[in-house]
Amino acid sequence: MEIIIFETQQELDTYAASLFINLVNEKPNAVLGLATGSTPIGIYDKIVESYKEHKVSFKEVTTFNLDEYVGINPENDQSYAYYMNQHLFSHIDIPAAQTYLPDGMAADMHEESLRYDTMLAAQPVDIQLLGLGHNGHIGFNEPDVHLSGGTHAVKLKEETREANARFFASMNEVPEYAITMGVGSILKANTLLLVVRGADKAQIVKEALTGPITTSIPASLLQTHARVIVLLDREAGRMLA
Ligand code: F6R
């Protein structure tokens with residue numbers, strides 16, 4: 001596991017973006033695993049900046065997002081599909097047909113999970129971007145006594161709904177369910193890129209990266225992967241020796 005701690009958000013975002021840009025320049029048909037939330041926004045901004053400076057093209061790239069809320073239409077500005085268009089896809093030259101998210105409006109979540117896993121198996125992810133929940137979740141794989149390998153629907157923990165309530169008008173509007181890649185699907189990516197910011201995540205960063213591997217901290221499973229890059233700001237990394 002390679003852990004890099006950055007002094008400024010600017011440096012962290014630039015470095016993370018460069019990992020994607022360099023990969024796409026070396027492998028134009030790369031498969032990128034993407035995430036939402038507040039953590040990746042600056043990284044997506046840097047990627048868009050490079051695209052606008054003609055330093056990279058995404059015409060042949062395929063993307064898979066980690067997760068989506070259940071019951072929220074892609075046109076709804078709270079959906080992760082909307083977020084991805086707003087922060088990345090609408091600003092670069094990637095064809096919409098090459099951008100995949102789990103369908104949170106699917107009638108049958110089990111079928112939709114199988115469909116997503118079949119696509120992931122056909123196009124393995126080269127690099128998967130991950131944020132970290134305060135409770136140690138990755139994607140929406142919440143702490144539990146067992147974890148699912150493949151894509152699945154999940155009931156969100158109250159703490160996760162509360163953390164995400166800042167993006168909604170009120171707590172009542174935060175969906176109760178999401179559909180997410182499983183930990184097994186995430187671990188199949190060639191490279192995992194975990195990005196964490198902020199003092200409020202310093203404790204969980206320490207536990208996830210240096211504590212025992214446990215399903216009660218899903219991110220601790222990343223310790224089993226051969227190629228993990230962790231990018232932290234100074235605050236998130238302050239409890240690491
Ligand atoms: C988002 C996702 C989540 C977030 C995590 C951190 O697609 O899968 O695991 O990465 O909840 O969220 P932020 O970045 O908002 O702190």
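This is a predicted model: local features need pLDDT of at least 70, side-chain atom pairs count only at pLDDT 80 or more; totals for chains, interfaces and linings use all residues.
Okay, some housekeeping. Residues are numbered from 1 along each chain as its sequence is written, and side-chain values use heavy atoms, with hydrogens and water left out. Local features need pLDDT of at least 70 and side-chain atom pairs 80 or more, while totals for chains, interfaces and linings use all residues.

So, the ligand. It has 14 residues around it, and the closest are Thr 39, Asp 67, His 137, Gly 139 and Lys 201; a residue counts as near if one of its heavy atoms lies within 4 Å. By class, that shell has eight polar, three nonpolar and three charged residues, and Gly is put with the polar ones here.

Now the polar contacts, meaning pairs of N or O atoms within 3.5 Å. The Asp 67 side chain has an N or O atom 2.6 Å from a ligand oxygen. Arg 166 brings a polar side-chain atom to 2.9 Å from an oxygen of the ligand. The protein covers 94% of the ligand's own 410 Å² of accessible area, by Shrake-Rupley with a 1.4 Å probe.

Tyr 44 is in helix 2 (residues 41–52) and Tyr 83 in helix 3 (residues 80–87), so the pair ties together parts 39 residues apart in sequence. Helices here are DSSP runs of H or I, at least four residues, numbered from the N terminus.

Terms used. A polar contact is a pair of N or O atoms within 3.5 Å; within protein, one must be able to donate a hydrogen and the other to accept it, and residues adjacent in sequence count only if both atoms are side-chain atoms. Helices (H or I, at least four residues) and strands (E, at least two) are DSSP runs, numbered from the N terminus.
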